[in-house]
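Subject: Structure handover

Hello,

Here is the structure I said I would pass on. My notes on what was found in it follow below.

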Amino acid sequence: MAIQKIGVIGAGQMGNGIAQVAAQVGFDVVMQDISAASLEKGLATISSSCDRMIKKQTMTEDQKKSLLAKIKTSTQLSDLAQVDIVIEAATENVDLKLKIFRDLDQIVKKDALLVSNTSSISITKIAGVTGRPDKVAGM
């Protein structure tokens, strides 16, 4: 499977950083969070990061515009239905993460990869709440 579209759950420090890097290398990204304010803050952080790169002359204004155009935002998990991989970067709360993965299992394409950015929760436990444990990974 060729990965073309990436979903990122969480617009905080990890999530917006993942979204930025994915968009910077050319992927279309859907960054999802539960609040529009969090999404706006995440996009503002990405924009500021790009501005720092422009100042260092490692990015142009046109590259920034292109990068930002590759990132769509949503407050709905259902908007991740057509992504090829979802990278979850939500708060380190086991119940929340298990709910997210249960929901994703029902929403995204059956061949989509589900990845967690957790640092403390068992990937086996997360994978166990899905019908596709072979397509769940940690990063």
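**The sheet and its helices**

Ile87 stands opposite Val115 in strand β5. Helices (H or I, at least four residues) and strands (E, at least two) are DSSP runs, numbered from the N terminus.

Before going on, two notes on the source. This is a predicted model, in which local features need pLDDT of at least 70 and side-chain atom pairs count only at pLDDT 80 or more, while totals for chains, interfaces and linings use all residues. Residues are numbered from 1 along each chain as its sequence is written, and side-chain values use heavy atoms, with hydrogens and water left out.

Strands β4 (residues 85-88) and β5 (residues 113-116) run parallel and are joined by four bridges. Two strands are taken to pair if DSSP finds at least two bridges between them. The open sheet has six strands in the order β3-β2-β1-β4-β5-β6, with parallel pairing. At its edges stand β3 (71-74) and β6 (136-138); each has a single partner strand, so one side of each is left without a neighbour in the sheet. From one strand to the next, the twist averages 20 degrees.

Helix α1 (residues 13-24) packs on this sheet and touches β1 (5-9), β2 (28-32), β3 and β4; its direction makes about 170 degrees with that of β2. Helix α4 (residues 94-107) also packs on the sheet, where it touches β1, β4, β5 and β6, and its direction makes about 170 degrees with that of β5. Contact means heavy atoms within 4.5 Å. Axes are lines fitted to C-alpha atoms, for helices over the stretch in contact, and angles run from 0 to 180 degrees between N-to-C directions.

**Helix pairs**

α1 packs against helix α2 (residues 36-55) at an angle of about 55 degrees, the axes being 9 Å apart. The two helices, α1 and α2, are therefore oblique to each other. (Angles under 35 degrees count as roughly parallel, over 145 as roughly antiparallel, 65 to 115 as roughly perpendicular and the rest as oblique.) In this pair, Asn16, Ala19, Gln20 and Gln24 of α1 meet residues of α2 including Gly42, Thr45 and Met53.

For α2 and α3 the angle is about 160 degrees and the axes are 10 Å apart, so these two helices are roughly antiparallel to each other. Here Ile46, Ser47, Cys50, Asp51 and Ile54 in α2 meet Glu61, Lys64, Leu67 and Leu68 in α3.

Lys64 lies in helix α3 (residues 61-69). Is Lys64 buried or exposed? With 9% relative accessibility, Lys64 counts as buried. (Buried means under 20% relative accessible area, exposed over 50%, partly exposed in between, with a 1.4 Å probe and protein chains only.) Its side chain and that of Asp51 are joined by a polar contact of 2.6 Å. A polar contact is a pair of N or O atoms within 3.5 Å; within protein, one must be able to donate a hydrogen and the other to accept it, and residues adjacent in sequence count only if both atoms are side-chain atoms.

Gln57 is in the loop between α2 and α3. Although not a glycine, Gln57 has a positive phi of about 60 degrees, and at 72% relative accessibility it counts as exposed.

Asp111 lies in the loop between α4 and β5 and is partly exposed, with a relative accessible area of 38%. Leaving aside neighbours within four places in sequence, Asp111 is in contact with Met1, Arg132 and Lys135.

Regards
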